[in-house]
Amino acid sequence: MIIDCHGHYTTAPAELEAWRKRQIAAFEGGGKAPSRDELVIADDAIRTSLENSQLKLQRERGTDLTIFSPRASFMAHHIGDASVSREWSTLCNDIVHRVCQLYPDNFVGVCQLPQSPGVRPETCIPELERCVNELGFIGCNLNPDPSGGWWKEPPLTDRWWYPLYEKMVELDVPAMVHVSTSCNPCFHATGAHYINADTTAFMQFLTADLFKDFPTLKFIIPHGGGAVPYHWGRYKGLAQDMKRPLLKDYLLNNVFFDTCVYHYPGIELLAKVMPVDNILFASEMVGAVRGIDPDTGHHYDDTRRYVDQLHALTDADRGKIFEGNARRVFPRLGNRAAREVNASGRRA
Ligand SMILES: [Zn+2]
């Protein structure tokens with residue numbers, strides 16, 4: 001089985017974006033915001049939005065289950081206030097839940113948190129609990145920078161975030177560290193802001209003892225870990241200069257990297273530098289880069305091909321990247337899949 005730990009509902013029907021525009025216009029103009037009930041999308045529209053994109057690509061590429069969350073660039077936590085963010089997040093999580101209900105074999109949910117700049121992260125706990133306990137979601141996306149490129153929040157290791165971490169540990173769900181759009185013209189959203197945030201989160205984890213306080217807390221740093229694998233010697237050396245323990249001892253039980261790196265040499269480096277236990281298969285499709293690489297004739301985000309090409313891996317190691325590690329990092333996925341095996345007898 002191949003589990004893709006990083007997919008977003010980037011192809012949601014246009015009514016979702018239209019609702020959001022009305023919500024923003026109401027906030028800015030002081031008018032009445034639309035209610036969530038005013039968004040009406042038929043099941044068939046959801047099916048169509050997936051059949052020609054994510055589902056088609058799953059079938060073509062031979063992947064099975066996508067850990068699926070709302071569109072990251074649309075989270076836009078900087079817009080409005082905490083109440084605007086709460087309504088929008090609830091709506092986006094509900095539509096992902098509908099996807100997971102329509103295609104339970106293909107998608108399992110991860111939620112968007114109703115973060116808002118300067119607002120304490122514990123305000124996200126009710127939505128996290130709702131998504132996990134009521135909707136069956138298995139993780140969350142945590143935005144380290146709800147300001148959208150201006151970096152106003154304390155680092156992820158600050159006690160500011162601790163109440164949310166306590167709830168994540170209690171619910172046994174990991175977070176993918178995932179920013180949203182960039183309002184800072186210096187940072188292109190997917191080309192700079194995303195990769196900066198991945199790198200920044202790792203460096204924040206490196207400088208503090210967060211995982212002494214939360215030994216079971218888990219984060220996935222997406223997009224191959226930003227600059228981290230490429231500059232592993234720098235991070236190892238910085239930690240050494242700071243008299244920190246070895247990175248493998250104090251970070252690698254808690255921090256994981258996905259394979260959303262869109263060329264083979266990048267994946268090869270990731271697999272050389274990082275222990276195989278810390279790598280989770282992902283494609284982020286349909287996402288940031290949708291084209292075909294003229295050098296290979298294949299889609300950049302067809303990341304399964306790169307992992308298949310890693311001949312140095314044993315089959316057991318490849319199985320960890322494709323499936324086993326995701327089950328460890330998302331314990332609720334294990335429970336869910338185990339139940340399915342028992343129910344259907346298909347997924348041995
Ligand atoms: Zn993403």
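Colleague: What does Val99 touch, not counting residues up to four places away in sequence?
Modeller: With those sequence neighbours set aside, Val99 touches Tyr9, Ile46, Leu50, Phe68 and Phe107, contact being defined by C-beta atoms, placed from the backbone, that lie within 7 Å of each other. This is a predicted model, in which local features need pLDDT of at least 70 and side-chain atom pairs count only at pLDDT 80 or more, whereas totals for chains, interfaces and linings use all residues. Residues are numbered from 1 along each chain as its sequence is written.

Colleague: Which residues of the largest nonpolar core touch the most other members?
Modeller: Val99, Leu280 and Phe281 do, out of 80 residues in that core, and its largest share, seven residues, comes from helix 4. A nonpolar core is a set of buried Ala, Val, Leu, Ile, Met, Phe, Trp, Tyr and Cys residues joined through C-beta atoms within 7 Å.

Colleague: What makes helix 1 roughly antiparallel to helix 4?
Modeller: The axes of helix 1 (residues 14–29) and helix 4 come within 11 Å and cross at roughly 175 degrees, and helix 1 therefore counts as roughly antiparallel to helix 4, the cut-off for that word being an angle over 145 degrees. The axes are lines fitted to C-alpha atoms, for helices over the stretch in contact, with angles from 0 to 180 degrees between N-to-C directions. Leu16, Trp19, Arg20, Gln23 and Phe27 of helix 1 make the contact with Val84, Glu87, Trp88, Leu91 and Ile95 of helix 4.

Colleague: How do you know which strands are the edge strands of the sheet?
Modeller: Three strands form an open sheet in the order 1-2-3, with parallel pairing, and strand 1 (3–9) and strand 3 (107–109) are the edges, as each pairs on one side only. Strands pair if DSSP finds at least two bridges between them; strand 2 (residues 65–70) and strand 3 are joined by three, and Phe107 of strand 3 is the bridge partner of Thr66. Helix 4 (residues 82–102) packs on this sheet, touching strand 1, strand 2 and strand 3, and its direction makes about 160 degrees with that of strand 2. Helices (H or I, at least four residues) and strands (E, at least two) are DSSP runs, numbered from the N terminus.

Colleague: How do you judge the span of helix 7?
Modeller: Helix 7 (residues 189–206) reaches 24 Å from its first C-alpha to its last, close to the 26 Å expected for its 18 residues, the expectation being 1.5 Å times one less than the number of residues. Among the buried residues of helix 7 are His193, Tyr194, Phe202 and Leu206, and what covers the buried residues includes strand 6 (175–177) and helix 9 (232–241).

Colleague: What makes the phi of His223 and that of Glu284 stand out?
Modeller: The phi of His223 is near 55 degrees and that of Glu284 is about 55 degrees, positive values in residues that are not glycine. Most residues other than glycine have a negative phi, and most peptide bonds are trans. His223, in the loop between strand 7 and helix 9, counts as buried because it has 26 C-beta neighbours inside 10 Å. Glu284, in the loop between strand 9 and strand 10, is buried with 26 such neighbours.

Colleague: How do you know that the bond joining Met285 and Val286 is cis?
Modeller: Its omega is about 0 degrees, and Val286 lies in the loop between strand 9 (279–280) and strand 10 (292–293).

Definitions and conventions
Two residues are in contact if their C-beta atoms, placed from the backbone, lie within 7 Å. A residue is buried if 20 or more other C-beta atoms lie within 10 Å of its own, exposed if 12 or fewer, and partly exposed in between; C-beta atoms are placed from the backbone. Angles under 35 degrees count as roughly parallel, over 145 as roughly antiparallel, 65 to 115 as roughly perpendicular and the rest as oblique.
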